[in-house]
Amino acid sequence: MTALYLLDLVLVPAILLAACTAVGTRDRFAAVVSFIVYGLLLAIAWVRLGAVDVALAEAAIGAGLTGVLLLGALARMGRRADEAAAAGPPGRTLRLGAAALGAAVAAGIAAAVLALPEPAPQLSGAVAEALPALGLGNPVTGVLLAFRGYDTLLEAVVLLLALLGIWSLAPDPAWGGLPGLRHRARPEGVLAWLGRLLPPVGIVVGLYVFWVGADRPGGAFQAGTILAAVWILAVMSALVEPPAVRSLALRLALVAGPALFLAVGFAGLGLAGAFLGYPAAAGWAKPLILLVEAGLTLSIAATLALLVAGTPERAAG
Amino acid sequence: MSAWDLFTLAAVAAGAFFFLAGTVGLLRFPDVFTRLHALTKADNLGLGLIVLGLLPRAEGVFGALKLVAVWLLALLAAATVAQLVARLARREGDAGA
Amino acid sequence: MTSAATLYGLAGAALVGIGLYGLAVQAHVLRKILAFNLIGSGVFLVFGAVAGRGGGAGGGDPVPQAMVITGIVVALSATALAVALALRLFRETGRVTLPPDPPAGARDG
């Protein structure tokens, strides 16, 4: 038994404890905070599984952005007593039934996990074989942008669809207007100070994570999340206003990445004989992938930031 | 085991001790302000010691600079959030346990 | 002794169970959304752990990793849409819980 396995034996119960607190505690604020703690612990678990790219995504998106979303909604809905509290704790029958259901499903999945053959069938060999043709060093980026490019293209479109869904919930007077409520912060306060200090650092870190993603853990999604977080911080500290969602510049930024991806995909029809194919000639694939990733980073940053900003609630001035 | 390994071991162990102390403070101190004090002071020092211990193992100068940058950013975040939490607690008069 | 990857796979299975319990028991919509996210990340963990067996730490299979990253981003967009719907429900009706299902017969009428 190695020391790292001991870490696993401590980490797994800690993750489960945080999850149980997030589900079980009475206080909703404590539940969301536990969920954020859970996400950060889960990111360490992904590092232990050798998936550093996933760990970055889980920490930034699963814990960070989801946590901000839930905390913001909680603040809007109020922590005061309401019908959820007035109804009292759920009935004993419901709790026992739900516990039985949860335990049964968990046991079924656990049995399936234990029944799988060892060692697992792997695709890493195939990826390692094909990766040099792309000129990339990070196999995960290769899978995301080339080998399973369809998934990533459709994912970028799913993000846009979700944003359209959120915008379409706007009441008539605010249609096409500014998302979210006006944020207030004392202009000389510590939040405004952080909002001024951190964006330059955050932009550099975001661009670095995008650039390094070709060869090491990182890439468009993690970089886009960091850039989105910088913008959200600037909005929260009341230094900038979110743009009206009918703004043309904003909409161009949102579709730039998917549009570029599609264009490169169609170019692949002519150059490589397949949609989303990259030309086989040495040295062509990497610049194209970096181009698509640059567009995606911009669009993902804008989309994630506006997903968190929410439904338009103020008419455009 | 080289002298650098011993240095890493000692610094990381000292850092872990400060994290432990900060966590005990979080659990045992009576109100928001003292808990914040325990967390930010002890954890920032603990993280600093861990970064110090890892410096000899960093990949070149840039790796070391990245580690230091992580520590500085964590310091900044902890200091800011501690201010904001303390301000809110004072305004809401919610400083008790 | 189970391998580290299998251990995390079992943890993922438990997380799905915990999330299902929360989804059924909690009435507040935000708590339901949170529980749904727990189920999702539990599924990701099972997926990643199943793929990480044998390879262990130090790389693992990049294909499932890329798919989990895709999944995490899609989960966020679904969560954002759900939160927006919940806020609209709250603004329209002042409710923070879902209205009860109509009886089965009422839907056909």
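A:Ala238 sits in the loop of chain A that runs between α10 (220-236) and α11 (248-271). Helices here are DSSP runs of H or I with at least four residues, strands are runs of E with at least two, and both are numbered from the N terminus. The model is predicted: local features need pLDDT of at least 70, side-chain atom pairs count only at pLDDT 80 or more, and totals for chains, interfaces and linings use all residues. Residues are numbered from 1 along each chain as its sequence is written, while chains are lettered from A and ligands numbered from 1 in the order in which they are written.

The phi angle of A:Ala238 is near 60°, a positive value in a residue other than glycine. A:Ala238 counts as partly exposed because it has 17 C-beta neighbours inside 10 Å. The cut-offs are these: a residue with 20 or more other C-beta atoms within 10 Å of its own is buried, one with 12 or fewer is exposed, and anything in between is partly exposed, with C-beta atoms placed from the backbone. A:Leu276 lies in the loop between α11 and α12 of chain A. Its phi is near 65°, again positive in a residue other than glycine. A:Leu276 has 22 C-beta neighbours inside 10 Å, so it counts as buried.

## An exposed arginine

A:Arg184 belongs to the loop between β1 (178-179) and α9 (190-212) of chain A. It has 9 C-beta neighbours inside 10 Å and therefore counts as exposed. A:Leu42 is 142 residues away along the chain, and the C-alpha atoms of A:Arg184 and A:Leu42 are 33 Å apart.

## Chain A overall

Chain A contains 12 helices and 2 strands. Their order along the sequence is α-α-α-α-α-α-α-α-β-α-α-α-α-β. The C-alpha trace spans about 65 × 60 × 35 Å along its principal axes. Of the 317 residues in chain A, 43% are buried. Two residues are in contact if their C-beta atoms, placed from the backbone, lie within 7 Å. Among contacts in chain A between residues at least 6 apart in sequence, 73% join residues at least 24 apart.

Nonpolar covers Ala, Val, Leu, Ile, Met, Phe, Trp, Tyr, Cys and Pro; charged covers Asp, Glu, Lys and Arg; the others, Gly among them, are polar.

## Helix packing

In chain A, helix α8 (residues 149-167) packs against helix α12 (residues 285-309) at an angle of about 30°, with the axes 10 Å apart. The pair is therefore roughly parallel. Angles under 35 degrees count as roughly parallel, over 145 as roughly antiparallel, 65 to 115 as roughly perpendicular and the rest as oblique. Axes are lines fitted to C-alpha atoms, for helices over the stretch in contact, and angles run from 0 to 180 degrees between N-to-C directions. The α8(A) contact residues include A:Leu159 and A:Leu163, and those of α12(A) include A:Ser299 and A:Thr303. By class, the contact of α8(A) with α12(A) has 9 nonpolar, 2 polar and no charged residues.

In chain B, helix α1 (residues 3-28) meets helix α2 (residues 32-54) at about 170°, with axes 7 Å apart. α1(B) and α2(B) are therefore roughly antiparallel. Their contact holds 18 nonpolar, 6 polar and 2 charged residues.

## Chain C and its partners

Chain C has 4 helices and 0 strands. Buried residues account for 61% of its 109 residues. Of the contacts in chain C with a separation of 6 or more, 59% involve residues 24 or more positions apart.

There are 2 pairs of chains in contact, and chains A and C share the most contacts. Chain A contributes 79 residues to the contact with chain C, and chain C contributes 70 residues. Helix α3 (residues 52-77) of chain A supplies the largest share of the chain A side, 14 residues. That side divides into 56 nonpolar, 10 polar and 13 charged residues. No contact joins chain B and chain C; their closest C-alpha atoms lie 18 Å apart.
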